Amino acid sequence: MRKLGFAALVVLLGLATAQSGQALYGQYCASCHQANGQGLPGAFPPLAGYVPEILAKKDGRTYLLDVVLFGLQGQIKVKGQTYNGSMPAWGPQLKDDLIAAILNHITTAFGNKPPAGFKPYTADEVKKERARKLTPQKVYALRQTLKL
């Protein structure tokens, strides 16, 4: 009986981990980018249909990670719509594994299809990038080099 209980617990923990990116997105991101990833025109850019465009760029993977870790400030254009707001830095509030879970969720949610060969973000990757300690303005400058 104890073995069955432990096995059930392992399965439940696995399901919770698989869903954590979605739950974290709902908690930290959906109020701006909306539950469906469509954003709010003129206020918050969409993630649906746009994250794959970012990931397709040479340094897009790192840029996307930097936006979540360090924030973004400056005027941007997404799908023909201009946005001039500020994305908060989630690095101070969220641990590396949680940021990786959110990034993995937005990569595959909302009908997004990651580029061929995409490997999920890892906590170690987030930890390494966190050491760069960028500002939102430096992340904006990185965006400019990607020509997004």
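**View 1. Asn-104 is partly exposed, with a relative accessible area of 21%.** Partly exposed lies between buried, under 20% relative accessible area, and exposed, over 50% (1.4 Å probe, protein chains only). The model is predicted: local features need pLDDT of at least 70, side-chain atom pairs count only at pLDDT 80 or more, and totals for chains, interfaces and linings use all residues. Residues are numbered from 1 along each chain as its sequence is written, and side-chain values use heavy atoms, without hydrogens and water. Asn-104 belongs to helix 5 (residues 96–108); helices are DSSP runs of H or I with at least four residues, strands are runs of E with at least two, and both are numbered from the N terminus. Between the C-alpha atoms of Asn-104 and Gly-21 there are 6.9 Å, with 83 residues separating the two along the chain.

**View 2. Asn-104 touches Phe-118, Pro-120 and Tyr-121, leaving aside residues up to four places away in sequence.** Contact means heavy atoms within 4.5 Å. A polar atom of the Asn-104 side chain lies 2.7 Å from the backbone nitrogen of Tyr-121.

**View 3. Tyr-28 and Trp-90 form an edge-to-face pair, because their ring centres are 5.1 Å apart and their planes at 70°.** Rings of Phe, Tyr and Trp (its six-membered ring) pair if their centres lie within 6.5 Å; planes under 30 degrees apart count as stacked, over 60 as edge-to-face and the rest as tilted. Tyr-28 is in helix 1 (residues 2–28), and Trp-90 is in the loop between strand 4 (86–87) and helix 5. Trp-90 is buried at 17% relative accessible area.

Notes. A polar contact is a pair of N or O atoms within 3.5 Å; within protein, one must be able to donate a hydrogen and the other to accept it, and residues adjacent in sequence count only if both atoms are side-chain atoms.
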